[in-house]
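Thanks for coming. Please have the picture open while I talk.

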Amino acid sequence: MALAPAEPGERLGIVAGGGALPRIVAAEARQSGWAPFIVPIADGRLYDWSAWDHRSLSWAQTGDVFTLLRTHGIATVVFCGTISVRPDYRSFVPSLRTLGMLPEILRMVRGGDDSLLRAVSGSFEVRGFRVLSVQSLVPNLLTPDGVLTRREPTGPAAAAVQRAAQAAQQLGRLDIGQAAVASCDRVIAVEGIEGTGEMLQRVADLRGRGRIGRGEPTVLFKAFKPQQDERFDLPSIGVETVRQAEAAGLSGIALTAERSLIIESEGVIEALDAAGLFLVGVSDPTMGDAR
């Protein structure tokens with residue numbers, strides 16, 4: 001059940017990056033009785049938020065966010081959406097509040113995504129804000145356990161799910177990425193800072209050059225990191241991921257069940273079935289049974 005506000009009309013700050021997720025969260029939160037206030041940043045500033053109460057912030061203005069939220073009576077926030085490029089705070093003129101926070105900000109942007117998000121959430125919490133998870137507001141986005149498509153992973157494809165899961169988990173422990181592509185016999189590719197899309201482009205290129213056998217089923221696994229804070233950056237897929245997986249010649253996709261998100265799931269399942277790919281939620285990626 002979606003988390004409801006303590007009182008109808010309670011303000012909710014949505015720090016919005018790119019993609020469909022911020023709009024889904026905003027709409028569902030409003031349906032549950034929240035009054036969303038959108039703060040588009042980075043990729044989120046490319047979208048039209050004119051129909052919502054909002055205030056866009058450039059990277060140079062990010063230090064203004066706490067005052068902005070308090071001015072609008074907001075004590076609860078959620079972070080969602082994609083940020084494709086990290087800011088270089090040395091390359092622009094910051095606002096006065098951002099300038100005052102630069103030492104704190106520069107400490108945040110070091111390290112992997114998980115450490116960055118923990119630092120950002122801690123910065124909000126130490127200033128008295130409550131930080132929610134996306135799935136507390138939109139629980140139906142969570143990946144259920146089991147096979148979700150007409151096609152199931154069997155034989156070599158099921159073994160590929162296990163190998164890709166193990167690789168993705170090891171990658172996550174190092175806070176490098178969330179995803180890996182594997183066949184039953186070998187790991188084909190792992191995700192770095194380039195993201196899942198570019199990793200799948202590499203797989204497509206490898207397949208095109210004959211580095212992956214025609215009869216070698218390959219699987220994408222996106223895994224919840226063992227040390228990850230469940231409020232931030234859960235592994236997720238959308239229709240674009242399906243398109244990329246099909247272009248890379250994959251047999252299917254697997255996700256950590258209950259700790260990953262399927263964005264616009266009806267469209268995703270429809271696209272997977274049309275492409276002949278499978279999707280499976282794996283409750284324990286260290287186990288071999290993917291069904």
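**From one loop to the whole chain**

Let us begin with Asp175, which sits in the loop that runs between helix H6 (156-173) and strand S6 (179-182). Before going on, please keep in mind that this is a predicted model.

Is Asp175 buried or exposed? Its relative accessible area is 15%. Buried means under 20%, so Asp175 counts as buried. What does the side chain of Asp175 make a polar contact with? The partner is the side chain of Lys225, at 2.7 Å.

Now the chain as a whole. There are 291 residues, and 50% of them count as buried. The chain contains nine helices and twelve strands. If you take the contacts between residues at least 6 apart in sequence, 73% of them join residues at least 24 apart.

Next, a sheet. Four strands make up an open sheet, and going across it the order is S2-S1-S3-S4, with parallel pairing. Which strands are at the edges? They are strand S2 (35-40) and strand S4 (130-132), each of which pairs on one side only. From one strand to the next, the twist averages 30 degrees. Looking at one pair, S3 and S4 run in the parallel sense and share three bridges. Across from Leu132 in S4 you will find Val78.

Let us turn to the nonpolar side chains. In soluble globular proteins, nonpolar side chains tend to be buried together. Here the largest nonpolar core has 24 residues. Among those with the most contacts inside this core are Leu12, Ile14, Val25 and Leu261. Which elements each supply at least two residues of this core? Strand S1 (11-16), helix H1 (21-31), strand S3 (76-80) and helix H5 (134-137) each do. H1 gives the most, with five residues. Apart from this core lies another one, of 23 residues, which include Ile188, Met199, Ala248 and Ile253.

To finish, find Leu261 on your picture. Leaving out residues up to four places away in sequence, Leu261 touches a list of residues that includes Leu21, Val134, Leu234, Pro235 and Leu255. Leu21 and Val134 are also, like Leu261, among the residues with the most contacts inside the largest nonpolar core.

That is where I will stop.

Conventions:
Residues are numbered from 1 along each chain as its sequence is written. This is a predicted model: local features need pLDDT of at least 70, side-chain atom pairs count only at pLDDT 80 or more; totals for chains, interfaces and linings use all residues. Side-chain values use heavy atoms; hydrogens and water are left out. A nonpolar core is a set of buried Ala, Val, Leu, Ile, Met, Phe, Trp, Tyr and Cys residues joined through side-chain atoms within 4.5 Å. Buried means under 20% relative accessible area, exposed over 50%, partly exposed in between (1.4 Å probe, protein chains only). Contact means heavy atoms within 4.5 Å. A polar contact is a pair of N or O atoms within 3.5 Å; within protein, one must be able to donate a hydrogen and the other to accept it, and residues adjacent in sequence count only if both atoms are side-chain atoms. Two strands pair if DSSP finds at least two bridges between them. Axes are lines fitted to C-alpha atoms, for helices over the stretch in contact, and angles run from 0 to 180 degrees between N-to-C directions.
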